[in-house]
Every structure is written in C-alpha cells, then in structure tokens.
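I opened a new notebook page for this chain. The entries below record what I looked up, in the order I looked.

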Amino acid sequence: MRFQEHYESPQFRGKYFSRREYKKWYRAQRGQFSYFADWSGFNIPSSMLEPFADGRFKRLSRRERTLMQAFEDKDGLFYIIGTYKTDSPSTLNHEISHGMFFINEKYRQEVLAELDKVDLGPIEKYLASTGGYHPSVWRDEAQAYLINNRDTLEHHGIDLGPYLATMGRLQDIFRRYTGLRPY
C-alpha cells in the first residue's frame, strides 16, 4: 500500500508516511478503511523502492520487507505490477499497460500522441473523484482505462463517443507491443 501511494496518491505522493497516517486519511475520504476491497490492481516503478531501502519510511511491515527482499537483487529500470484474482483479465492488462507506459519509450510516445488528440477532461474528472490518483499520473491512467476498462468509464457516466476512435488506436498500440488482447 505505501509503495503504491507514495507513487500515485493525491495526498501522499512523494511523501514519507506511516500506515496509520494513510489509513486515517483513507477513512476520512471513504468512511472506512476499505483499501484492499476498493483496488484490485497495483503498479509501481522500481524507483519507488529507493526511499524504503534508504530508511525514509519507518517501521516496515513484514509484507513491505518481503516485497523489498523480492527485488533486492534487481538493478536498473523495472516496473512492479500486482493484482489479485478477479473475474476479468482487464485488471492485469490495465496494470501491464502502466508498465509499458513507464518502461517503453516508443509505446509511451505513441500513446501520448493519441491522447493529445482528445479532451481528457471527463476522464480526468473521474480520476480526481476516486481519490486514488495524483494529477501527475492521470495521462497514464487515462490510457490504461481507455485500453482495458471501457465498462468502468461507462459505469461512471463518461460518454465514450468522443473516445471510440482513440480507444481503437490505443488498443492497437497495446496489442502490437504486448501481443495481448485488450479488454
């Protein structure tokens, strides 16, 4: 949780915080601490491990230490994604699209060129309303949702008409770079 929220949180991005501080904030936002029920996929760039390794985060939990140990021998640029079992492969593909956006410069350039052709305002408004995303990750999130989560966007009242052509082109880019079928 802290790795993810150090990276993406609108409140905690780039900050050093305790699990208790985060849970208190989350409860104030949602009325309860339902984090692990609310989010089924997680993604962090390798650089998010550094402040944990450097001791800037205090009192690492057993799970945080385990995650750190799993990647202690890895060097260079990499991306960590995680999901738990869901009814749809769209969550895994959503997280893979984040990894591609971060790791592969050509992929990112092609995706950004497509996103520049549309008004992302309605999608950004939705992302802001979730309380889960810092504005610095909105374009990355927009591509992941447009490629793999049409149903989520529709469910939240976003008219996909203006995005249909862009969605098709983004899905083609995703398919070309990953060999996976978008959902």
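Entry 1, aromatic pairs. I counted 24 aromatic pairs in this predicted model. The rule takes rings of Phe, Tyr and Trp (its six-membered ring) as a pair if their centres lie within 6.5 Å; planes under 30 degrees apart count as stacked, over 60 as edge-to-face and the rest as tilted. I looked up one of the pairs, Y126 and Y145: the ring centres are 5.8 Å apart and the planes stand at 85 degrees, so the pair is edge-to-face. Y126 lies in helix 8 (residues 121–130) and Y145 in helix 9 (residues 138–148), so the pair ties together parts that are 19 residues apart in sequence. Helices here are DSSP runs (H or I, at least four residues), as are strands (E, at least two), and both are numbered from the N terminus.

I noted the ground rules before going on. Residues are numbered from 1 along each chain as its sequence is written, and side-chain values use heavy atoms, with hydrogens and water left out. The model is predicted: local features need pLDDT of at least 70 and side-chain atom pairs count only at pLDDT 80 or more, while totals for chains, interfaces and linings use all residues.

Are Y126 and Y145 buried or exposed? Y126 is buried, with a relative accessible area of 9%, and Y145 is buried at 7%. Buried means under 20% relative accessible area, exposed over 50%, and partly exposed in between (1.4 Å probe, protein chains only). I then listed what Y126 touches, not counting residues up to four places away in sequence: Y145, T152, L153, H156 and I158. Contact means heavy atoms within 4.5 Å. I also checked Y126 against E5, 121 residues away along the chain, and found their C-alpha atoms separated by 18 Å.

Of its 11 residues, 10 are buried, so helix 9 is largely enclosed by the rest of the structure. The buried residues are W138, D140, E141, A142, Q143, A144, Y145, L146, I147 and N148.

Which residues does S97 contact, leaving aside its neighbours within four places in sequence? I found Y107, D140, Q143, A144, I147, N148 and F174. Among these contacts, D140, Q143, A144, I147 and N148 are also on the list of buried residues in helix 9. S97 itself sits in helix 6 (residues 90–103) and is buried at 0% relative accessible area. Its C-alpha atom is 9.4 Å from that of Y107, 10 residues apart along the chain.

Most residues other than glycine have a negative phi. I noted that R59, which is not a glycine, has a positive phi of about 50 degrees. R59 is in the loop between helix 4 (50–53) and helix 5 (62–70). Its relative accessible area is 74%, so R59 is exposed.

I moved on to helix 5, where R65 has its place. R65 is partly exposed, at 41% relative accessibility. R65 and A53 are 12 residues apart in sequence, with a C-alpha to C-alpha distance of 9.4 Å.

I placed F36 in helix 3 (residues 35–38). F36 is partly exposed at 48% relative accessibility. Residues up to four places away in sequence aside, F36 touches M1, F42 and Y84. From F36 to K23, 13 residues along the chain, I read a C-alpha separation of 11 Å.

I listed 11 helices and 2 strands, in the order α-α-α-β-α-α-β-α-α-α-α-α-α from the N terminus. The C-alpha trace spans about 50 × 40 × 30 Å along its principal axes. For 183 residues a compact globule would have a radius of gyration near 16 Å, and the chain, at 17 Å, agrees. That radius is taken over C-alpha atoms, and the globule rule is 2.2 Å times the number of residues to the power 0.38. Buried residues make up 43% of the 183. Of the contacts with a separation of 6 or more, 64% are between residues 24 or more positions apart.
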